[in-house]
Amino acid sequence: MNLNSLLGSPRKLAQLRWEVANIQAFLDHFDRPLNGESRTVQLGQTAEFLTVRNFPLPDGYRPDYIDLLVVTDNFPATPPIGLYVLHRNNQALIGQLQRRFNAFADQAFHEAPPIRDYTWICYHYGGNAWRYRADQPARGDNIRKFLASWFAESNQ
Amino acid sequence: MKVKVRIAASVMERLRAYHLAPGKRAEALSYLWAQAYPLPDDPDGGLCVLVPHTAPLMLFAPDCFLRQSGGNVQLDPAVLNGLLVRFAASSFNCLVNVHDHWFSEQATFSGVDDRDDRIFDRYLRERFEPMLRRHPHLGMARPIFNLSVVLGQQGLDARLIDGRRSRDFAPVNSFDVVGDRFERLAVGLGSAPQTLDEVFDRQRDFVPAAQQRLLAALDVALVGCGGLGSILAEALARLGVGGLVLVDDDRLEATNLNRWQGGSPASVGQPKATHLGERLRAMFPRLRLRVVDRSVFAPEAERALSGCDLIVGGLDNDEARYHLNRVALQYSLPWFDAGCAVTGVGAETDFRVRMFAILPGVSACGECTQYILWDRERTLEAFLDEATARSRRAAGYVLDAPAARTPSVYAVNQRAAALLETELLNYFCGWRPTATMISESWRAGTFQRADRENFPETPDPECPICSYYAGVAQTEPLPRPRAMHAATSLAGLLLDAQSTQTPEVHHG
Ligand SMILES: [Zn+2]
């Protein structure tokens, strides 16, 4: 087993830590969610994904926050392909999101999902064109922009 | 100990412009950062040093030097210190110092150079490396490689320095410049030119002797030993390529015999790469040959490719092309790929032939070129993590298509192979600008050739493959279809996703 592929290279870890800080800055723009908890992002232990607790949802969603998981195992070669939302204890909210994102209204939600308690949402960021600048990640595409666009789209 | 250097032409040009500027009358010193990786299967600890087009290059203004004269130069210690601090924080593992003997045509290291190189190496070993181990916040603790280069107006000399070895100077054996053309520069005083094999007598009027010798010294990886690959391999050997690494994990079937060069009924069931190797060995006894009966995605294949100078692809799938694109960029290896297709039936029948070349750091890669070299969406599907792939399938995004029987014929394979081999020879001989894309349709009667002059597409600075992955060698894992690694990866993912649902949450 290649330890590198499991843990990610030190460079990738450094880039992902930058992404995490950048996403946290985005989350910090929002007021605390109704549950009173803080909004936080965390890198998974293997750097193959990151999780967000209490990601904001636009007005009209009840509750106005949801936990997310973004797979980053091909980062930064490709954008995340869709994202995962925590559906456990969230059925009503999932129903609301389903009206916005037709993609996950299908079988995925009803079958046993591959990641327990999470449901995948098809979300193509910029048609999957991915302009990533390792030297200046803020200038190109990045995971914060990916999540911010998803937030914007869930508002429409 | 074998030492190879592969440097991007754009970096070499900047070095030459700085060190060998017309009218310059003072010696100068510059530094650049590179990635060194071990050459495969070299018991003496052979090494390849990569300088990609993105490598940081430090060209100093005169006030950065403590002393600078016609034959002597010393960097201000404060400047050197600042440089080392930034190098420590980088992910590169090889520090290259370059100086010039602007006054001479050929360059060889002088006694003063020997002394300076040893002093700097002692500093690296006794101070710098221990500092990295003691203070990990300054940068990743790692073995540091120390390469020294001296440029003359025409030639150069280069060596790896390590005072801990019994011989502290290891001369560089090959110094390759990857650009619009492929150049192998003579190092030091060079060696006496070997006599050319009379086999190549009929190509000596148009292939210069230096290029014929270069071909003989080259190691080319041939990925794909099917119908197309079997022709490519033989054609490469007949051009005079001295070393071949054959990569394929497939076995010959009876249905391959309409196009597998040299195949006979006895070939059926044989591993393609091994069988091709046996045939080549009989035809070209002096050929350096290595057979890798493994998938191109296997780590063994990566290791074998990393020891080569160039990749030739005769592939039948886009996943392998997507993978090779990364190999080409991560190891700075030029990659020439041939492909063909028989399409339509009856009056619609067409024979299509295509070749493309990825010149890492020079031309756009397969991911950022305006040409569509592979079906990106469909190809990436194979590289998705297991969970997302299952979700997409469940959501109806992916349809499992039954494997189609691809129509194939020897003549079209020959045409594709011939196209690639002519362009490959041109890449070394430079008769006309190197082709990056050629496509031909027999039915439409079209032949389109994009080259480095009429379509000089450069790497997109926003292409992660051409920037983030350029020249990083084995430090970044290559993309492998999930079938190759799903078990470990998925387990980690599921385990972790659940463990993050525990109450304690840390701020990013
Ligand atoms: Zn590219």
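User: Which residues are buried in α11(B)?
Analyst: This is a predicted model. In α11(B), the buried residues are B:V412, B:N413, B:A416, B:A417, B:L419, B:L420, B:E421, B:E423, B:L424, B:Y427 and B:F428.

User: Why would residues three or four places apart point the same way?
Analyst: An α-helix takes 3.6 residues for each turn, so residues at that spacing point the same way.

User: OK, and what span should its 20 residues have?
Analyst: At 1.5 Å a residue, α11(B) should span 28 Å, and its end C-alpha atoms are 28 Å apart, so the two agree.

User: What follows α11(B)?
Analyst: B:G430 does, with a positive phi near 70°.

User: How do α5 and α11 of chain B cross?
Analyst: Helix α5 (residues 227-239) and helix α11 (residues 410-429) of chain B have axes that come within 9 Å and cross at roughly 40°. The crossing is right-handed. On the α5(B) side, the contact includes B:L228, B:I231 and B:L232, and on the α11(B) side B:A416, B:A417 and B:L420 are among the residues involved.

User: How many of those contact residues are nonpolar, polar or charged?
Analyst: The contact of α5(B) with α11(B) has 10 nonpolar, 3 polar and 1 charged residues.

User: Switching to the whole chain, how many helices and strands does chain B have?
Analyst: Chain B has 12 helices and 20 strands. Of its 508 residues, 43% count as buried.

User: And what is its radius of gyration?
Analyst: Chain B has 25 Å; a compact globule with 508 residues would be near 23 Å, so the value agrees.

Terms used. Residues are numbered from 1 along each chain as its sequence is written. Chains are lettered from A and ligands numbered from 1 in the order in which they are written. This is a predicted model: local features need pLDDT of at least 70, side-chain atom pairs count only at pLDDT 80 or more; totals for chains, interfaces and linings use all residues. Axes are lines fitted to C-alpha atoms, for helices over the stretch in contact, and angles run from 0 to 180 degrees between N-to-C directions. Helices (H or I, at least four residues) and strands (E, at least two) are DSSP runs, numbered from the N terminus. A crossing is left-handed if the near helix is turned anticlockwise from the far one by less than a right angle, and right-handed if clockwise. Two residues are in contact if their C-beta atoms, placed from the backbone, lie within 7 Å. Ala, Val, Leu, Ile, Met, Phe, Trp, Tyr, Cys and Pro count as nonpolar, Asp, Glu, Lys and Arg as charged, and the others, Gly among them, as polar. The radius of gyration is taken over C-alpha atoms; the globule rule is 2.2 Å times the number of residues to the power 0.38. A residue is buried if 20 or more other C-beta atoms lie within 10 Å of its own, exposed if 12 or fewer, and partly exposed in between; C-beta atoms are placed from the backbone. The expected span of a helix is 1.5 Å times one less than its number of residues.
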